[in-house]
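Work through the exercises below with the model open. Each task is followed by its solution.

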Amino acid sequence: MDEIKEVSLEMREYIISSGAETLNWCMQCGLCTNLCPYRQVPGELSEVFNIRKMQRQGQLGLEGFDDEEVLFACVTCGMCQTNCPRSVEIIKNVRSMRNTIVGAGILPGHLRPVAGSLHANGNPWAGPREKRADWLEGLNVPEFTEGTEYLLYVCCTSCYDTRSQKIAKSVVKLLQQAGVSFGVLTAEESCCGETIRKIGDEELFAKLAESNIKLFNGKGVKKIITTSPHCLYSFKQDYPELGGEYEVMHYSELLSELLKEGKLSLPGEIAKKVTFHDPCYLGRHNLVYDAPRELLQAVPGAELVELDRAKNKSLCCSGGGGRIWAEVPFGERFGELRINDAVKQNADIIVTACPYCITMLDDACAGLEKNDVLKVMEMSEFLCESLEK
C-alpha cells in the first residue's frame, strides 16, 4: 500500500504567494504530460517527470513536488502551457515551486556553481567580469551613447564561450552591413537573469536585473537588440516589472525588416537544403516564426525544408530552465531527436537562432556521429556566409 501523504494547505498557499496564481486552475486533464518532450525520450528521468502530477502536488501542498531531480527537470519549453485548455501558467507555477526550495537555500549541486558565478561575476559561466568584452577584439564596434539608436546586448554564453562568440561577431557584421546605428555596453553589463529566474532564485534575478536597468536607464537606452531569445524574453517580459521599459527585438526581427527595406542584401549563393529549428524562447515564448524563415529564403540557392515538428510544435533542444548545465546520458537527449528530424528531411544544414540551441544541437550531432551528413549553424553565421561569398 502506498504511504499516505499529508496535505499542507500552508505549503499550497506559500507556493501560490510565490507567484503561482493560476495553480488552482489546473483541472488535471493530463494534456500537459502528453505533450511534454520527456514523453519522446527513454530514461529514468523520463519515467519520473510528470508535469501534471507536479501541478497536483502543488495544488494540495503534497510532499514530493520538491523532489530535486524532478522539480528541476522542467526545460520550460512552453509546449504544455501553449496548449493548456485552462490557460494555466504552468512555467510560472514551476518557477514558484522552485522558488520555495531555492529560497530555503536548497539548490541542486550542478546549479550551485552557476548561482555562485552570477553572484561573483555577473555571468553563469565562471568568466571574469573584466573579460566579458573580450569577444569584441578586432571588431570596430562603438560604445553605446545617448545618440545611438540601438543597444546590442550579447548574451553571457556568446561573451565567454568560444564557439558561441562566433554568433556575436556574425550579428555585428550583419548590423554593420545594413548600416544600423548600434553600440555596446558589454563590459558594464550583467547577465539578463532569465535562466536564474526560471531556476527559482528571485533574489538573484532581481539583483542582476536592477543592475542592468540602472545601467541602461543611465545611458539613455530605448531600443535593444538581443542575440539570444532568452534575453529577449527577459527584457520584454520580466524587466518591465522592475521599471525597465524598452523596445526589444531579436536580431532576426530587425534583419528581416532591413531586408524588406532593401538595407540588407544577401548576395552569395548557398546551394544547400536548409531546415530551421525554432528555439522555444524565440517561437512559443515570443511568437517569432516568420522573420528567420524570411531571412533564410532570401539567400540565393538555399532550399528551406520544414521539420515535421516546427513553429509552435517545435521540439525543445532541452537547454532551457537551467538544463543546459545538466548532465544527460546519450540516448535521452531531446537534441538527438532534433538532429534525426533534420537527417530525415535530407537537410544539409540545420539552422537555429539561439546560443543554447547551438550548444545542445552541436553536442547531439557529434554524439550521433552525424557531422559528416549534417552541419549545425546559427542563423547569423549562415547569413554571414552569404555575405562573404
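The exercises cover a helix pair and a domain interface.

This is a predicted model, in which local features need pLDDT of at least 70, side-chain atom pairs count only at pLDDT 80 or more, and totals for chains, interfaces and linings use all residues. Residues are numbered from 1 along each chain as its sequence is written, and side-chain values use heavy atoms, with hydrogens and water left out.

**Exercise 1.** Describe how helix 16 and helix 17 cross.

Step 1. Locate the helices: helix 16 spans residues 334-344 and helix 17 spans residues 355-367.

Step 2. Take the axes, which are lines fitted to C-alpha atoms over the stretch in contact. They come within 8 Å and cross at roughly 70°. Helix 16 is therefore roughly perpendicular to helix 17 (65 to 115 degrees counts as such).

Step 3. List the contacts (heavy atoms within 4.5 Å). Gly335, Glu336, Arg338 and Ile339 of helix 16 meet Leu361, Ala364 and Cys365 of helix 17. These residues divide into 4 nonpolar, 1 polar and 2 charged.

**Exercise 2.** Characterise the interface of domain 2 and domain 3.

Step 1. Find the buried area (accessible area, 1.4 Å probe, lost on being put together, summed over both parts). It is about 2700 Å², with 67% from carbon and sulfur atoms. Arg163, Pro229 and His230 supply 20% of the area that domain 2 buries against domain 3, more than any other three residues.

Step 2. Count the salt bridges (side-chain nitrogen of Lys or Arg within 4 Å of a carboxyl oxygen of Asp or Glu). The rule finds 3 across this interface. Separately, check glutamate 388: this residue forms a salt bridge with lysine 173, the closest N and O atoms being 3.8 Å apart.

How values were computed
Axes are lines fitted to C-alpha atoms, for helices over the stretch in contact, and angles run from 0 to 180 degrees between N-to-C directions. Helices (H or I, at least four residues) and strands (E, at least two) are DSSP runs, numbered from the N terminus. Angles under 35 degrees count as roughly parallel, over 145 as roughly antiparallel, 65 to 115 as roughly perpendicular and the rest as oblique. Ala, Val, Leu, Ile, Met, Phe, Trp, Tyr, Cys and Pro count as nonpolar, Asp, Glu, Lys and Arg as charged, and the others, Gly among them, as polar. Buried area is the accessible area (1.4 Å probe) that two parts lose on being put together, summed over both.
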